[in-house]
Amino acid sequence: MKRVEIIISQAIEADFEEGYLKECKKLKTSCKFTKITNVEGQGNSNPKLGNSIWPQLNSIYVIYCDEVLLEKIQQVLLEVNKNYPGEGAAAFVTDAEILV
């Protein structure tokens, strides 16, 4: 099992969610995620600080999935980044185990 953490500009998160839900339906798997909103930060794009100078914010998605869905998530993110260059979407993957 994999843990995917996606940090994405709120301006483009709807495109990610739409693509992710579509891929889950194709795979006939439940589309589980945890979403943390109003996240401030600075990555490789403009700062997202929610203030008058840098008004945008980020969201963080945490998804636990298998390798098949992981590949689909990567494809969705590559497409989002292609459609919105410089807007800000990054993902990190680690191994995960179920404790309970």
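Visitor: Why is Glu 5 called partly exposed?
Guide: A residue is buried under 20% relative accessible area, exposed over 50% and partly exposed in between, with a 1.4 Å probe and protein chains only. Glu 5 has 23% relative accessibility, so it counts as partly exposed. This is a predicted model, in which local features need pLDDT of at least 70 and side-chain atom pairs count only at pLDDT 80 or more, while totals for chains, interfaces and linings use all residues. Residues are numbered from 1 along each chain as its sequence is written, and side-chain values use heavy atoms, with hydrogens and water left out.

Visitor: What makes the pairing of Arg 3 and Glu 5 a salt bridge?
Guide: A salt bridge requires a side-chain nitrogen of Lys or Arg within 4 Å of a carboxyl oxygen of Asp or Glu. Between the side chains of Arg 3 and Glu 5 the N to O distance is 2.8 Å, and they meet in a salt bridge. Arg 3, at a relative accessible area of 25%, is partly exposed.

Visitor: Why does the salt bridge of Lys 2 and Asp 95 tie together parts that are 93 residues apart in sequence?
Guide: The side chains of Lys 2 and Asp 95 meet with 2.3 Å from N to O. Lys 2 belongs to strand E1 and Asp 95 to strand E4, so the pair ties together parts that are 93 residues apart in sequence. Strands (E, at least two residues) and helices (H or I, at least four) are DSSP runs, numbered from the N terminus.

Visitor: Are Lys 2 and Asp 95 buried or exposed?
Guide: Lys 2 has a relative accessible area of 16%, so it is buried, whereas Asp 95, at 62% relative accessibility, counts as exposed.

Visitor: Why is Glu 23 called buried?
Guide: Glu 23 has a relative accessible area of 11%, so it is buried. Glu 23 lies in helix H1, residues 13-27, and, leaving aside neighbours within four places in sequence, is in contact (heavy atoms within 4.5 Å) with Lys 72 and Val 76.

Visitor: What makes up the largest nonpolar core?
Guide: A nonpolar core is a set of buried Ala, Val, Leu, Ile, Met, Phe, Trp, Tyr and Cys residues joined through side-chain atoms within 4.5 Å. The largest one here has 17 residues, and those with the most contacts inside it are Ile 6, Ile 8, Phe 16, Ile 63 and Ile 73. Strand E1 (2-9), H1, strand E3 (58-65) and helix H2 (67-83) each supply at least two of its residues, and H2 gives the largest share, six residues. Leaving aside neighbours within four places in sequence, Ile 73 is in contact with residues including Val 4, Tyr 20 and Cys 65.

Visitor: Why is the chain said to be as compact as a globular protein of its length?
Guide: The chain has two helices and four strands. Its radius of gyration is 14 Å, close to the 13 Å that the globule rule gives for 100 residues, so the chain is as compact as a globular protein of that length. The radius is taken over C-alpha atoms, and the rule is 2.2 Å times the number of residues to the power 0.38.

Visitor: Why is Ile 98 called exposed?
Guide: Ile 98 has a relative accessible area of 62%, so it is exposed. Ile 98 is found in the segment after strand E4, residues 89-95.
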